[in-house]
Amino acid sequence: MARAFLVVMDSVGIGGAPDADRFFNGDVADTGANTLGHIADACAAGRAEEGRSGPLKMPVLDGLGLGAAARLASDAEMPGFTAEPVGLWGAATEVSPGKDTPSGHWELAGLPVPWDWTYFPDRSPCFPDHLVEEVKRIAGVEGILGNRHASGTVIIAEEGERHQKTGWPICYTSADSVFQIAAHEESFGLDRLLDLCERLAPRLHEMKVGRVIARPFIGDPGTYTRTANRRDYAITPPGPTLCDWVQQAGGKVHAIGKIKDIFATRGINDVVKGEDRTLMEHLARAVSGAEDGSLTFANFVEFDSLYGHRRDVSGYARHLEWFDGCLPPVLAALRPDDLMLFTADHGNDPSWPGTDHTRERVPVVAAGPYSGQIGQVAFVDVAASVAAHLGVPAQGPGKRFI
């Protein structure tokens with residue numbers, strides 16, 4: 001019986017979004033942003049030489065059709081990508097009115113976002129007074145720190161010492177629909193931080209803010225480091241997704257990475273978390289042991305969190321090459337009727353101005369019993385096609401491409 005593995009390479013966009021002019025980093029429209037294409041260009045030009053060298057090398061995914069998908073999406077040259085595809089390949093376009101994690105994942109799972117998200121203005125302070133008062137009340141503190149748009153690592157470096165002295169949580173946001181709270185695991189307490197976020201989340205969800213994120217860190221001034229105990233409290237999807245479809249048909253849904261958080265635990269049987277290197281080990285184990293009829297849904301977040309937001313082209317390139325280099329034994333272990341589909345939820349072009357996501361098309365590249373070009377498809381078509389592969393009735397608007 002067939003199995004499916006849906007692997008999201010978080011933020012590995014391939015340019016070409018037709019509505020990119022409606023999305024911005026600061027006052028710069030995302031028109032022309034191309035995460036994978038611009039990384040490939042930088043590598044070929046010798047501008048991404050930190051910890052690696054030469055053209056971007058992704059022979060496994062290129063062999064399945066990644067380079068061809070990127071050229072289809074945006075007419076990018078894609079230097080270093082020369083393979084003749086042997087897998088299933090194409091490019092997907094999003095319709096949800098956001099370039100954020102929940103929008104991308106929900107739509108890939110067959111459910112476009114039916115509302116406009118609430119975003120906080122890019123000014124300081126950025127949060128309404130009633131929200132600040134609620135944080136203070138729940139946390140039992142007299143104030144908060146931050147209250148502005150910021151990079152998580154930067155604001156922890158800037159506010160961490162004061163946070164430890166006052167006990168006030170560090171609250172910040174980004175261009176996404178998100179409210180993030182950073183706190184020291186020892187001086188503030190991890191359980192206290194998670195309780196604060198969990199109790200605050202319903203208020204934010206009523207406001208149509210997509211996620212409340214706990215961002216714990218450890219260390220001392222100058223050496224603060226975020227830990228793997230991040231927790232996302234996402235708004236519940238307003239309808240059934242691919243995860244629910246599979247469960248309703250009697251299949252198991254295994255989450256790898258932050259999938260369970262993105263879907264607010266709905267439609268998920270179990271979850272494993274960790275850094276991307278650990279998640280790759282979990283993916284390999286899932287290929288070896290997942291049940292017939294199951295869906296394994298994985299998110300590899302470090303493309304986005306460690307390199308995209310930090311605008312680190314070399315680091316992003318290194319991570320792409322590491323990811324591709326891990327795939328041969330994983331793909332070799334697939335059964336003949338397994339489908340492993342690689343895609344992304346949005347872009348985060350590390351060569352682009354600003355620090356936030358970029359509106360882009362995403363690749364749809366698959367290994368398994370299907371091959372050939374599928375052309376330009378919709379995000380929701382991914383869900384419809386995975387469901388078709390598993391023999392599960394689809395409940396969304398997507399059209400299958402297999």
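The structure is a predicted model, in which local features need pLDDT of at least 70 and side-chain atom pairs count only at pLDDT 80 or more, while totals for chains, interfaces and linings use all residues. Residues are numbered from 1 along each chain as its sequence is written, and side-chain values use heavy atoms, with hydrogens and water left out.

We turn to the pockets. A pocket is an open set of points on a 1 Å grid over the protein atoms alone, where a 1.4 Å probe fits, with protein on both sides within 12 Å along at least five of seven lines; its lining residues have an atom within 4 Å of a point. Grid points are joined across faces, edges and corners, and the volume is the space filled by probe spheres set on the points. On this basis the largest pocket holds about 640 Å³ of space. Of its 25 lining residues, T227, A228, E275, V301 and E302 are the closest to the centre. With helices (H or I, at least four residues) and strands (E, at least two) taken as DSSP runs numbered from the N terminus, the elements that give two or more residues to this lining are β8 (211–218), β9 (225–226), α10 (276–289) and α11 (302–308). Helix α11 gives the most, with four residues. By class, the lining has six nonpolar, eight polar and eleven charged residues. Because domain 1 (3–114 + 238–390) and domain 2 (129–234) both contribute to the lining, the largest pocket lies between them; the domain bounds come from an automatic or database domain assignment.

The second largest pocket has a volume of about 350 Å³. It is lined by 19 residues, of which F24, K99, S174, A175 and D356 are the closest to its centre. Here the classes are seven nonpolar, eight polar and four charged residues. This pocket, too, lies between domain 1 and domain 2, since both give residues to its lining.

Helix α7 (residues 185–206) has a kink of about 50 degrees centred on R192, the bend being the angle between axes fitted to the seven residues ending there and the seven starting there. Its buried residues (under 20% relative accessible area, 1.4 Å probe, protein chains only) include F188, L193, L196 and L200. The buried residues of α7 pack against α5 (129–139), α6 (152–166), β7 (178–184), β8 and β10 (231–234). Just after the helix, K208 takes a positive phi of about 65 degrees.

Conventions
Ala, Val, Leu, Ile, Met, Phe, Trp, Tyr, Cys and Pro count as nonpolar, Asp, Glu, Lys and Arg as charged, and the others, Gly among them, as polar. Buried means under 20% relative accessible area, exposed over 50%, partly exposed in between (1.4 Å probe, protein chains only). Contact means heavy atoms within 4.5 Å.
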